[in-house]
Amino acid sequence: MAESAAICKLHLIYRLSHMPERFDEAVQGKVRALEGVTSVDVAPSHDASTRLAFSTRSANAVVAAVAAKQCLHNAVDEHNAQGRWWQGKVRLVDEPAVRKVA
């Protein structure tokens, strides 16, 4: 039970062919509003990708990860529906994996 109460830190990493003004803030707000997410912040990036770091309880990690990725896809779809098309690459990784790459 203590394991499910532990906090898990995940990173939503994305790179878009075009980054419109305030897009990162919009995605960050949507992820922050997800049930079980306790914090959201922009993490440093060594490349041109955007990294949102967010925390949730371990028991909620899978649900939060899927929902965060869906928030990003929805934001891209909203933009594409306006007649502007982007291509993006999305990855979702946990905190230990980010430390290994960095």
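Asp24 has a relative accessibility of 22%, and therefore counts as partly exposed, since the buried class is kept for residues under 20%. In this predicted model, Asp24 has its place in helix H2, and if residues up to four places away in sequence are not counted, Asp24 touches Tyr14, Met19 and Thr50. The chain also brings Asp24 and Ala75 to a C-alpha to C-alpha distance of 9.7 Å, although these two residues are 51 residues apart in sequence.

Glu25 is likewise found in helix H2, and because its relative accessibility is 42%, Glu25 too counts as partly exposed. From Glu25 to Asp41 there are 16 residues in sequence, while in space the two C-alpha atoms are 9.9 Å apart.

Which residues of H2 are buried? In this helix, which covers residues 23-32, they are Phe23, Val27, Gln28 and Val31. The elements against which the buried residues of H2 pack are strand E1 (7-16), strand E2 (37-43), strand E3 and helix H3 (61-81).

Two packed helices are described by the angle between their axes and the distance between the axes. Here the axes of H2 and H3 come within 9 Å and cross at roughly 140°, which means that H2 is oblique to H3, because an angle has to be over 145 degrees to count as roughly antiparallel. The crossing of these two helices, H2 and H3, is right-handed. On the H2 side of the contact stand Phe23, Val27, Lys30 and Val31, and they meet Ala68, Cys71, Leu72, Ala75, Val76 and Glu78 on the H3 side. Sorted by class, the residues in the contact of H2 with H3 are eight nonpolar and two charged, with no polar ones.

Strand E3, one of the elements that H2 packs against, spans residues 50-57 and contains Ser55. Is Ser55 buried or exposed? Its relative accessibility is 8%, and therefore Ser55 counts as buried. When its neighbours within four places in sequence are left aside, Ser55 is in contact with Ile7, Cys8, Lys9, Gly36, Val37, Thr38 and Ser39.

Beyond this strand, the loop between E3 and H3 holds Asn60. Leaving aside neighbours within four places in sequence, Asn60 is in contact with Glu35 and Gly36. The C-alpha atom of Asn60 is also separated by 9.2 Å from that of Ala5, a residue that is 55 residues away along the chain.

With these places in mind, one can turn to the protein as a whole, which has four helices and four strands. Read from the N terminus on, its elements follow one another in the order α-β-α-β-β-α-β-α. The protein consists of 102 residues, of which 38% count as buried. Among the contacts in the protein with a separation of 6 or more, 69% are made by residues 24 or more positions apart.

Methods:
Residues are numbered from 1 along each chain as its sequence is written. This is a predicted model: local features need pLDDT of at least 70, side-chain atom pairs count only at pLDDT 80 or more; totals for chains, interfaces and linings use all residues. Side-chain values use heavy atoms; hydrogens and water are left out. Buried means under 20% relative accessible area, exposed over 50%, partly exposed in between (1.4 Å probe, protein chains only). Contact means heavy atoms within 4.5 Å. Axes are lines fitted to C-alpha atoms, for helices over the stretch in contact, and angles run from 0 to 180 degrees between N-to-C directions. Angles under 35 degrees count as roughly parallel, over 145 as roughly antiparallel, 65 to 115 as roughly perpendicular and the rest as oblique. A crossing is left-handed if the near helix is turned anticlockwise from the far one by less than a right angle, and right-handed if clockwise. Ala, Val, Leu, Ile, Met, Phe, Trp, Tyr, Cys and Pro count as nonpolar, Asp, Glu, Lys and Arg as charged, and the others, Gly among them, as polar.
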